[in-house]
Amino acid sequence: MMSQPALFLLLLFGCCSFHGLQTVEINQRPIIGILAQETLDADLLPFGKSYVAAPYVKYLESAGCRVVPVRLNLTNDEYERIFHSINGILFPGGSTNLKTSAFAKAAMKFYELALKAFDAGDYFPIWGTCLGLQLLTVVTAGKNLLTNTDTENIALPLNLTNAAASSKMFQKFPLDVYKALSNEPLTGNFHNFSITVKAFLGDEKLSKFYSILSTNNDRKGVEFVSTMEGILYPFYGVQWHPEVNRFQWQEHVAFPHSPNAVEVSYLLADFFVNEARKNFHHFPNSKEEEAALIYNYRPRYIPTSSYIQVYFF
């Protein structure tokens, strides 16, 4: 016969709650890849042919994961091995051709692998920042729909859509921080191209794949998509740069550093790392895992660059 204390707990929590607590699993040691980029900036070119900016590494590590740099010009087999060893990938900001570059080709491979994996029940999240968001629109639409916009070096509040409050990305934001997103210039923009709301909604592939969470207007009034997330797939994009709020400090550059800006940066990093915790890919052994981590590389201090520190390959 069930004791009274046990019966009370059963009635209080219910069988399903106990069952759920027993079956929910998360990856306690997530590893996220950051896709490298070709070095095009004259200040960076002397140091290496490709790079990963250190602020992206710090951004992810601050939320409790480790980072693997995903280098360019690897074979498809090598990219597949990396895919099955990491728990998510971040496509960073920068400047490159979104169809023909090594960056675009590698990103397309991970995009295709993530689509196929999700359809098979394997949850693999992708995050795109600035150029990364633009690339997600190109690979999803199958064409480049970007428009030149006057959005270089400007901090903006977000024009949140009705979808934002129930979105995966924002739904756990504290109410005061969520409201601040609409009222304070918490998002740093450093891009010369955007996808306009009109172009986005006019493309059936994009409008069925992603939900628009926020928009903004450039200095000339052009309305563009500033935040989006996959309706079904765990793919996320921001046209702005959450990592700069905590890790980039050049004066006279529109890096938001208010307490709310710092909180937004952390909350989004925490969100994406927790998305990666839902994935259980792993390296074949600890030796290969250790050899792949960013710890094997030393960031170079580049005082002339807004990144401040950069990993070169």
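**Cavity, pocket and a helix pair**

Analyst: Starting with the largest cavity of this predicted model, its lining is made up of Ile34, Leu35, Gln37, Tyr51, Val52, Ala53, Tyr56, Pro92, Gly93 and Tyr307.

User: How much space lies in that largest cavity?

Analyst: The largest cavity holds about 30 Å³ of space, and the count of cavities of 30 Å³ or more comes to one.

User: Which strands supply its lining?

Analyst: Strands β1 (31–35) and β3 (50–53) each give at least two residues to the lining of the largest cavity, with β3 providing the largest share, which is three residues.

User: And by class, what does the lining of the largest cavity have?

Analyst: There are eight nonpolar and two polar residues in the lining of the largest cavity, and no charged residues.

User: OK, switching to the largest pocket. How much space lies in it?

Analyst: The largest pocket contains about 730 Å³ of space, and its lining counts 35 residues.

User: Which of those lie nearest the centre of the largest pocket?

Analyst: Those nearest the centre of the largest pocket are Gly93, Gly94, Ser95, Phe190 and Tyr307.

User: Which elements supply the lining of the pocket?

Analyst: Helix α6 (131–141) and strands β7 (147–156) and β9 (187–194) each contribute at least two residues to the lining of the largest pocket, and the largest share, four residues, is that of β9.

User: How do the residues of that lining divide by class?

Analyst: In the lining of the largest pocket, 14 residues are nonpolar, 15 are polar and six are charged.

User: Now the helices. At what angle do α4 and α5 cross?

Analyst: The axes of α4 (residues 76–83) and α5 (residues 102–119) come within 10 Å of each other and cross at roughly 50°, so the two helices are oblique to each other. The crossing of α4 and α5 is right-handed.

User: Which residues make the contact?

Analyst: On the α4 side the contact is made by Asn76, Tyr79, Glu80, Ile82 and Phe83, while α5 brings Ala106, Lys109, Phe110, Leu113, Ala114 and Ala117.

User: And how do the residues of that contact divide?

Analyst: For the contact of α4 with α5, the residues divide into eight nonpolar, one polar and two charged.

Key
Residues are numbered from 1 along each chain as its sequence is written. This is a predicted model: local features need pLDDT of at least 70, side-chain atom pairs count only at pLDDT 80 or more; totals for chains, interfaces and linings use all residues. Side-chain values use heavy atoms; hydrogens and water are left out. On a 1 Å grid over the protein atoms alone, a cavity is a set of points where a 1.4 Å probe fits but cannot get out, and a pocket is an open set with protein on both sides within 12 Å along at least five of seven lines; lining residues have an atom within 4 Å of a point. Grid points are joined across faces, edges and corners, and a volume is the space filled by probe spheres set on the points. Ala, Val, Leu, Ile, Met, Phe, Trp, Tyr, Cys and Pro count as nonpolar, Asp, Glu, Lys and Arg as charged, and the others, Gly among them, as polar. Axes are lines fitted to C-alpha atoms, for helices over the stretch in contact, and angles run from 0 to 180 degrees between N-to-C directions. Angles under 35 degrees count as roughly parallel, over 145 as roughly antiparallel, 65 to 115 as roughly perpendicular and the rest as oblique. A crossing is left-handed if the near helix is turned anticlockwise from the far one by less than a right angle, and right-handed if clockwise. Contact means heavy atoms within 4.5 Å.
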